[in-house]
There are 4 protein chains.
Amino acid sequence: MRTGVWLVGARGSVATTSIVGGLALRAGLAGPTGCVTELPELRGPALPAFADLVYGGHDVVTTPLCKRAEALAAAGVLPGRLVAALPDELAAVEEELRPAPTGATQAVRAVAATRDLIGFRDRHQLDRVVVVNVSATEPPAHPHPGHADPTALRAALTGPQEVLPASSLYAYAALEAGCAYVDFTPSTGARLPALHTLAVERGLPYAGHDGKTGETLVKSVLAPMFAMRHLRVRSWSGLNLLGGGDGANLVDPGANAAKVESKQRVLGETLGYVPQGETRIDFVEELGDFKTAWDLITFSGFLDTRMRMEFTWHGCDSALAAPLVLDLARLTAAAHAAGEVGPLTELGFFFKDPLGSPSHSLAEQWGRLVNFTRGLHAGHGGSDEHAG
Amino acid sequence: MRTGVWLVGARGSVATTSIVGGLALRAGLAGPTGCVTELPELRGPALPAFADLVYGGHDVVTTPLCKRAEALAAAGVLPGRLVAALPDELAAVEEELRPAPTGATQAVRAVAATRDLIGFRDRHQLDRVVVVNVSATEPPAHPHPGHADPTALRAALTGPQEVLPASSLYAYAALEAGCAYVDFTPSTGARLPALHTLAVERGLPYAGHDGKTGETLVKSVLAPMFAMRHLRVRSWSGLNLLGGGDGANLVDPGANAAKVESKQRVLGETLGYVPQGETRIDFVEELGDFKTAWDLITFSGFLDTRMRMEFTWHGCDSALAAPLVLDLARLTAAAHAAGEVGPLTELGFFFKDPLGSPSHSLAEQWGRLVNFTRGLHAGHGGSDEHAG
Amino acid sequence: MRTGVWLVGARGSVATTSIVGGLALRAGLAGPTGCVTELPELRGPALPAFADLVYGGHDVVTTPLCKRAEALAAAGVLPGRLVAALPDELAAVEEELRPAPTGATQAVRAVAATRDLIGFRDRHQLDRVVVVNVSATEPPAHPHPGHADPTALRAALTGPQEVLPASSLYAYAALEAGCAYVDFTPSTGARLPALHTLAVERGLPYAGHDGKTGETLVKSVLAPMFAMRHLRVRSWSGLNLLGGGDGANLVDPGANAAKVESKQRVLGETLGYVPQGETRIDFVEELGDFKTAWDLITFSGFLDTRMRMEFTWHGCDSALAAPLVLDLARLTAAAHAAGEVGPLTELGFFFKDPLGSPSHSLAEQWGRLVNFTRGLHAGHGGSDEHAG
Amino acid sequence: MRTGVWLVGARGSVATTSIVGGLALRAGLAGPTGCVTELPELRGPALPAFADLVYGGHDVVTTPLCKRAEALAAAGVLPGRLVAALPDELAAVEEELRPAPTGATQAVRAVAATRDLIGFRDRHQLDRVVVVNVSATEPPAHPHPGHADPTALRAALTGPQEVLPASSLYAYAALEAGCAYVDFTPSTGARLPALHTLAVERGLPYAGHDGKTGETLVKSVLAPMFAMRHLRVRSWSGLNLLGGGDGANLVDPGANAAKVESKQRVLGETLGYVPQGETRIDFVEELGDFKTAWDLITFSGFLDTRMRMEFTWHGCDSALAAPLVLDLARLTAAAHAAGEVGPLTELGFFFKDPLGSPSHSLAEQWGRLVNFTRGLHAGHGGSDEHAG
Ligand SMILES: NC(=O)c1ccc[n+]([C@@H]2O[C@H](COP(=O)([O-])OP(=O)(O)OC[C@H]3O[C@@H](n4cnc5c(N)ncnc54)[C@H](O)[C@@H]3O)[C@@H](O)[C@H]2O)c1
Ligand SMILES: NC(=O)c1ccc[n+]([C@@H]2O[C@H](COP(=O)([O-])OP(=O)(O)OC[C@H]3O[C@@H](n4cnc5c(N)ncnc54)[C@H](O)[C@@H]3O)[C@@H](O)[C@H]2O)c1
Ligand SMILES: NC(=O)c1ccc[n+]([C@@H]2O[C@H](COP(=O)([O-])OP(=O)(O)OC[C@H]3O[C@@H](n4cnc5c(N)ncnc54)[C@H](O)[C@@H]3O)[C@@H](O)[C@H]2O)c1
Ligand SMILES: NC(=O)c1ccc[n+]([C@@H]2O[C@H](COP(=O)([O-])OP(=O)(O)OC[C@H]3O[C@@H](n4cnc5c(N)ncnc54)[C@H](O)[C@@H]3O)[C@@H](O)[C@H]2O)c1
Ligand code: NA
Ligand code: NA
């Protein structure tokens, strides 16, 4: 099952770490730590092997991939020895990176993007391609009548207006090319009626939103803990300090708002009420790709006794995100192969703001993921392919 | 379903908080925060109502219960207004507290304890009594041939030797009186072959060990988080600072060792390997009943990138423990009524060192607890009683 | 040396805690913990004794002082037993509280305030009165030509415009009444050329700004530590979470900005460069009068090795501020008596944003304070009075 | 002023970092971050320039210095580029490293060590040599009559017994060779009457003990802060988690005890009373040369309100220690040149357990250091040499 992994934002930190890591895994130079699809509960024949993954992508910048990888190595995100050991493999991926499409109308740009995807699939004789958005977070989208259905959308795109935010235009292009779409960011992506309908018409699955890698990951186990113990969370405040490209982008208030909102959702939905407090994101360039998040939780227990918990998370965002990008590509490819259509709500485990969001509890999301993946493996007739 | 709650260590912090809280709930003066049996997932007809609970117990000290309650109020563990509002109810419980039995041999003391239990049950026309051990933690027990079976045990108890640690002698007396036994401490309790056999012979359930209220509670959601994300925990170190009676007792190295070992187990069993680091407990009198625990976790992710997390837990141990004591009494009474016999492994949710311990993951334990309790409610023929 | 302590914002948390504490000290019901003027290095004959302090003040609200004190006791800021033990003393202070002056022009209001101060001084035959501003923090003042000198100011005040922010109007009234003025807040207070000139003309001292009680206090010892060790602070980020009246007021962006700016100053001036990062203040009602501040400091050492420190400060703002208010009143009264005129730069120890600010290092400020106070004691001819 | 820096434990982490850093500074490849003698307050003509420092030392192991440096670079303690850039310089130092002396009696070994020192001084035509002990921490010394005076000591050393711990034997050898001695460890070193007398007889200065680099450094500013604010510290508990050679050595209970005691002293002596709580050191191999210390401080303020502070220090011990080793060598050499004799109590700034210890407050220690160093510069007649 030869599978393409097409990364939007392919020269960014997350994408570069995913590519170097995927190549290193294929070459046997690194182990699968952080890849959940390599856990015993999830491994199995339905998933494309790391050896079957081929990488390509779009980006608006042109920094060579190996330069980006070296910079990440210097920053401690990646081991430099891996970058040094994979020059040919990285050069081959470089060949498959394309500039973000240009053109007078969004329709023209979408056609160009679709063409890039089809070319990639044909050139490498891929069974299918998964498009994963790991580009910079956008501000929330402006409503537009063209969002309502595919026909209205197609008409609107030919006009001079910016009908879709970039993430949705990539999603549209992916669906038009017959590719599944995963959004690892809080951007709009495929979350518009027109794109949902299109995905269903084309028989394609999509997944998202916003990879759950740090503070929210911890929240998704701590909030259920308080709930299961019938403890009342009175306030939950958080501060996320981060540098890196993603951090710089979040200096933009719109992007910051989108991200913060996505982070807060887990609490209200898990606890059944919204405790006081806010989550903030601040850009501190010097922290680079390592993020420090601090959270203070005050709660009351029996007879209203007041207690508190605080935690500090010091994580490397790209190192946490990259293996999940590979997991999502493998799982979405398998779902596509199995005929799954529309939002993959079973992948909520990976996301801060999961599509359909039946639960934000990591344990429940894990249960659903294990069942879903077991179903994929069970339904997998093929005998020739194996994971990892 | 009139149910007795017999507390061993009845004048201690946990017991006193349980009693005051249970009485306050009955009187409608306090809400059920912290009581998991009042969550929608667990409520139901099989559980004795708070109004059906009657309290009694043993202790080696004679501090009046209301003095102890006032001291806890002054320390911020309990609201003073509750103590002030319940003088008659507390006096009634005081009537049901007995000194720890004395006598030349353990056999004599066991008989006395059994007699206390039967008297309590008869006096109050209770359907059944649950004995809950919340007395001071003991050092690990010394092996003795009498631990092998009930016959050997009975013979040995008549001799001059201390065959059983106190917790096990109370468990023995409970079983002889036809009472279920719950151990909220890390002490030996019913965990001896002779006592297990006796419980089975008498058709009685038992539960334990060591209420999971603080650092270990947090561990039981964080360790699975790392496991589910395939992150490698490299070290996990912890320091627990606590005052109060329990803290003072832990200055004894034997008791401390028992407690520390019970705390460490969750990691190895959840992760499948034991990370570096140790958990320590230090007595700091000035902290009183509020405990501060700090944990540092270092872990590696994709391509071995090193990351870290730390948390501080600042909890009131007695306020966390007391509602669980009430929950355990209600659940164990219902299990007894339903004919459950032997170790109640489905109650692992409550314990650091659960009997049978199929999993230390809080979420899995929760799932088992919900199923078990649903079974109790479903099998509950009775129509006259309702929880809470 | 009978001394009046006139509190602007007299029914607020800081003022109420200062009054209850000052009365309790006088009555021998509490010790001087937190009062730096009772340390051996500072005690001495120049300072008015606690028994010589008489309290009064202005406020815009009318909540009875003892109600406010009871509320603070319920919140854990004050021991309830003190409030219960001092009913007459509190009633006597209540008699000396006045509504914030009203009137058509600021000139009219200033006259009314001056009259309140003179009446207070006369009624109690006070040697002098110190006015301490502990009212809500204001937004930064708007420039006005009347700020330039006393003559321009007097003229402008008679017009319909709000020439002075409230804190400066109180400072003006204080100076007109011959009273020294201390500003415990970040508001403008006496920091206008017109008011400085007036103070000098009248031979009065003034002090400020913004009591240093929490995060900034810690900063004022940690920043010098990094400097003395030649370690390079790369970033310093902080989050202050607070409830209480002061927290609520800081929801106002103007007040918040004034406060945040005052907090940041210490770093740049101590280190000689401004590290990255920001200090934020968030209102979390549920935290009440207890504030939690978290700071992350990243720094580099020898050969640029990167290191980090974080701290959490969990303090009761009013309990930290109140003894300093009493200290400032005593010291400023002694300075007034000693003929000190203009800004008391030697009191920088107490402030986040000290007048004249020669140094933000707590240790250096301490040195200056000790010398200054020694000078006051040395110059103190009187034989009849003693501190504490 | 050509100055030898003779390191006991020359192949350890601190020594290697000192050597690489000192060579890098000389070569202009690194800046003086972390070197306090390069601060404007301390710089000046009395100190030997980095270009004037020549390195040598003793060690019991034979790992090549450059291998050790490479290992430290791999662990993130040193930049690898520096090690790569200084091969010849490191080889030259390697030539000056000697095995720890062997021989049947301590007298024989002392003579051998003295001979090593004299050879080093002669070979490099050094004006003087400072011996700095950075070898593994020893358990506290056993008392012996030979410790009383030089004559008794000389006699005892010729016997078969271990009269002196290793650190003291090195100190003895240093003094016999006419070298000043600095002890950066908590070991006994020159702190014996016999060695003190010998130092005075020979006109030599000595300094120590135990470099103040992490938790204790922070304590030495925070404890004075609480004292200056008249806040009552109720408990101060700490946990130090460290890997590396020093950490491994501290698994030995004797060494651990020596270190812990040295850490506790600062509190009692600064506050005037000993708060509850203990400081612990645990070895966690995986943490390598980076140490994490966590401290919890509980304190009470005005009217006994309870508050708390906690901090986490995440420092690279060797990177913090190495520049201080260079500072101490420079300052001690200048003191020796200036005729200072006996314990250099003015260097308390550098130590956890300073000789003579008039104060543990970092700010006061800084004041004394600045004065002392100014005196050295003032008394420095020479015109030809300049620092740095
Ligand atoms: N790292 C994590 O843990 C994590 C978690 C959740 C979500 N995310 C999201 O993943 C995304 C990537 O994060 P990152 O750290 O790699 O950021 P980054 O800034 O390093 O990379 C983003 C890349 O997207 C490119 N880009 C921007 N606009 C584009 C466009 N219109 N078309 C194509 N490329 C475009 C940029 O040139 C850049 O190379 C962000 O949106 C972030 O919010 C990351
Ligand atoms: N509070 C928690 O969060 C928590 C969690 C897990 C386990 N526990 C365990 O619960 C127990 C009680 O804790 P606590 O804080 O109430 O302690 P405590 O010291 O306040 O109370 C213990 C009581 O047991 C009594 N006692 C001692 N030996 C006895 C004996 N032989 N017979 C009868 N009574 C005896 C003591 O007199 C005392 O009144 C401890 O073993 C503790 O380890 C508590
Ligand atoms: N508590 C601390 O640690 C600390 C430290 C530094 C500065 N401060 C400052 O001290 C001040 C008081 O803090 P608080 O916690 O007591 O706040 P608070 O809100 O409890 O009290 C402020 C009082 O001022 C009164 N007030 C408002 N406007 C007034 C006016 N124009 N005239 C007279 N009274 C007026 C209010 O009615 C209120 O009673 C704030 O400005 C705060 O920023 C406090
Ligand atoms: N790094 C810090 O921040 C710091 C602070 C205060 C004190 N110290 C002390 O500095 C010392 C060195 O620390 P480190 O991290 O470099 O330890 P390390 O274990 O890396 O180095 C110690 C070296 O001493 C050598 N050694 C042991 N016994 C010896 C002997 N008898 N003669 C000669 N050499 C001997 C060892 O072989 C080793 O090479 C320790 O005592 C430590 O407690 C370090
Ligand atoms: Na913390
Ligand atoms: Na922390």
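Reader: In which strand of chain D is Arg308(D) placed?

Author: Arg308(D) sits in strand S10 of chain D, residues 306-316. Helices (H or I, at least four residues) and strands (E, at least two) are DSSP runs, numbered from the N terminus. A word on conventions: this is a predicted model, where local features need pLDDT of at least 70, side-chain atom pairs count only at pLDDT 80 or more, and totals for chains, interfaces and linings use all residues. Residues are numbered from 1 along each chain as its sequence is written, chains are lettered from A and ligands numbered from 1 in the order in which they are written, and side-chain values use heavy atoms, with hydrogens and water left out.

Reader: Thanks! Is Arg308(D) buried or exposed?

Author: Let us start with the term: buried means under 20% relative accessible area, exposed over 50%, partly exposed in between (1.4 Å probe, protein chains only). Arg308(D) is buried, yet has no salt bridge. A salt bridge needs a side-chain nitrogen of Lys or Arg within 4 Å of a carboxyl oxygen of Asp or Glu. For charge, Lys and Arg count as positive and Asp and Glu as negative, while His and the chain ends are not counted. The nearest side chain of opposite charge to Arg308(D) is Glu310(D), 5.1 Å away.

Reader: Which side chain is joined to Arg308(D) by a polar contact of 2.9 Å?

Author: A polar contact is a pair of N or O atoms within 3.5 Å; within protein, one must be able to donate a hydrogen and the other to accept it, and residues adjacent in sequence count only if both atoms are side-chain atoms. Here the partner at 2.9 Å is the side chain of Thr292(B). The side chain of His314(B) also makes a polar contact with that of Arg308(D), at 3.3 Å.

Reader: What does Arg308(D) touch, leaving aside residues up to four places away in sequence?

Author: Contact means heavy atoms within 4.5 Å. The residues touched include Leu287(B), Trp313(C) and Phe299(D).

Reader: Now helix H11 of chain B: why does Val260(B) count as buried?

Author: Val260(B) lies in this helix, residues 253-271, and counts as buried because its relative accessibility is 18%. Val260(B) touches Thr279(B) and Ile281(B), again not counting residues up to four places away in sequence.

Reader: And how many bridges join strand S5 of chain A to S6(A)?

Author: Two strands pair if DSSP finds at least two bridges between them. Here 3 bridges join S5 (residues 180-183) to S6(A), and the strands run parallel. Ala207(A) in S6(A) is the bridge partner of Val182(A).
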